[in-house]
Amino acid sequence: RDLTDISLLESFIHLRYVDLSENKLQDLSPLRSLTHLLWLKVDRNLLASACMQELPYLQIISFAHNRIKDMEGITHPRLANLNLKGNKIQTALGLSHGRLFSLQILELRENRLESTAGLNLPKLKNLYLAQNAIQSLEGLEGLGQLTTLHLRDNRLETLDGFCSSMKCLQYLNLRSNGISSLQEVAKLQVLPMLQALVLLDNPCSDEPNYRLEVLVLLPHLQRLDKELVEQDERAEANEIRQKRQEEKVRPARHREKEL
């Protein structure tokens with residue numbers, strides 16, 4: 001409706017669901033009196049900031065396709081689902097970890113992030129970071145409950161940054177990055193629950209026997225790229241892994257005998 005002013009809403013203090021999408025809003029301050037608000041959608045406006053007065057019951061917010069540059073001032077204590085897709089965010093460091101302890105879903109696709117630093121959100125389960133400019137994975141050790149991580153279409157060349165404290169991560173999408181070596185894939189061995197991995201359109205996926213080599217490194221995978229892992233593939237990978245382990249042991253034993 002091309003709205004630029006929503007001050008009339010200040011008097012509707014019992015509103016719980018508000019959709020203000022596809023307007024020309026630059027200011028959400030009139031919403032501060034809506035203390036019963038549960039759900040807010042303000043997609044496709046002209047907002048430069050997601051900063052708002054703290055709302056005690058707000059659980060879902062969508063700020064998709066605005067002009068937001070940072071993540072300062074998002075402090076709603078019951079917020080479970082935050083959508084910031086299609087903005088101009090360059091860093092997540094402005095997130096208030098101490099105030100977003102209920103956040104479970106964070107959507108940051110199509111932004112300008114270069115790093116994951118600042119995403120230390122202990123209750124987070126789903127994190128969507130596709131189509132950014134991420135070159136380094138930092139600060140992931142606090143994501144102990146994360147089950148799904150999307151990093152498609154970024155600029156990752158190494159997989160440093162994953163750690164054993166990410167004990168719930170089951171699905172990892174790394175499609176269309178710059179991972180050229182299967183030695184990098186070996187770094188995912190620290191993820192005890194990883195079941196599904198997408199590596200399509202990385203240079204390493206062109207290596208000979210790519211699929212088999214990944215299964216040698218990550219024997220617990222149930223799905224690689226778009227296909228389920230077949231029993232015969234798993235058996236062959238197990239055989240290769242066993243042979244290689246035996247080959248490592250032999251020279252060590254030989255050295256012991258010489259000593």
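Contact means heavy atoms within 4.5 Å. Keep that handy for the exercises below. You're working with a predicted model, where local features need pLDDT of at least 70, side-chain atom pairs count only at pLDDT 80 or more, and totals for chains, interfaces and linings use all residues. Residues are numbered from 1 along each chain as its sequence is written, and side-chain values use heavy atoms, with hydrogens and water left out.

**Exercise 1. Find out which residues Leu-191 is in contact with, and whether Leu-191 is buried or exposed.**

Step 1: Leu-191 sits in the loop between α1 (182–185) and β9 (196–198). Helices (H or I, at least four residues) and strands (E, at least two) are DSSP runs, numbered from the N terminus.

Step 2: Check the cover. Buried means under 20% relative accessible area, exposed over 50%, and partly exposed in between (1.4 Å probe, protein chains only). Leu-191 has 5% relative accessibility, so it counts as buried.

Step 3: List the partners. Setting aside neighbours within four places in sequence, Leu-191 is in contact with Phe-162, Cys-163, Met-166, Leu-169 and Leu-172.

Step 4: Gly-142 is 49 residues from Leu-191 in sequence, and their C-alpha atoms are 14 Å apart in space.

**Exercise 2. Describe the fold of the protein chain and work out why it counts as more spread out than a compact globule.**

Step 1: Count the elements. The protein chain has 3 helices and 11 strands.

Step 2: Read them in order. Along the sequence you get β-β-β-β-β-β-β-β-α-β-α-β-β-α.

Step 3: Compare with the rule. The radius of gyration is 23 Å, well over the 18 Å that the globule rule gives for 259 residues, so the protein chain is more spread out than a compact globule. The radius is taken over C-alpha atoms, and the rule is 2.2 Å times the number of residues to the power 0.38.

Step 4: Look at the spans. Along its principal axes, the C-alpha trace of the protein chain covers about 85 × 30 × 30 Å.

Step 5: Look at cover and contacts. Buried residues make up 43% of the 259 residues. Of the contacts between residues at least 6 apart in sequence, 28% join residues at least 24 apart.

**Exercise 3. Classify the aromatic pair and say what it ties together.**

Step 1: Count. The structure holds 1 aromatic pair.

Step 2: Apply the cut-offs. Rings of Phe, Tyr and Trp (its six-membered ring) pair if their centres lie within 6.5 Å; planes under 30 degrees apart count as stacked, over 60 as edge-to-face and the rest as tilted. For Tyr-17 and Trp-39 the ring centres are 6.4 Å apart and the planes are at 50°, so this pair is tilted.

Step 3: Tyr-17 belongs to strand β1 (residues 17–19) and Trp-39 to strand β2 (residues 39–41), so the pair ties together parts that are 22 residues apart in sequence.

Step 4: Check the surface. Tyr-17 is exposed at 56% relative accessible area, while Trp-39, at 27%, counts as partly exposed.

**Exercise 4. Pick out what stands out about phi in Arg-44 and Asp-201.**

Step 1: Most residues other than glycine have a negative phi.

Step 2: Check the two residues. Arg-44 isn't a glycine, yet its phi is positive at about 55°. Asp-201, also not a glycine, has a positive phi near 60°.

Step 3: Arg-44 is in the loop between β2 and β3 (60–62), and Asp-201 is in the loop between β9 and α2.

Step 4: Arg-44 counts as partly exposed at 47% relative accessibility, and so does Asp-201 at 45%.
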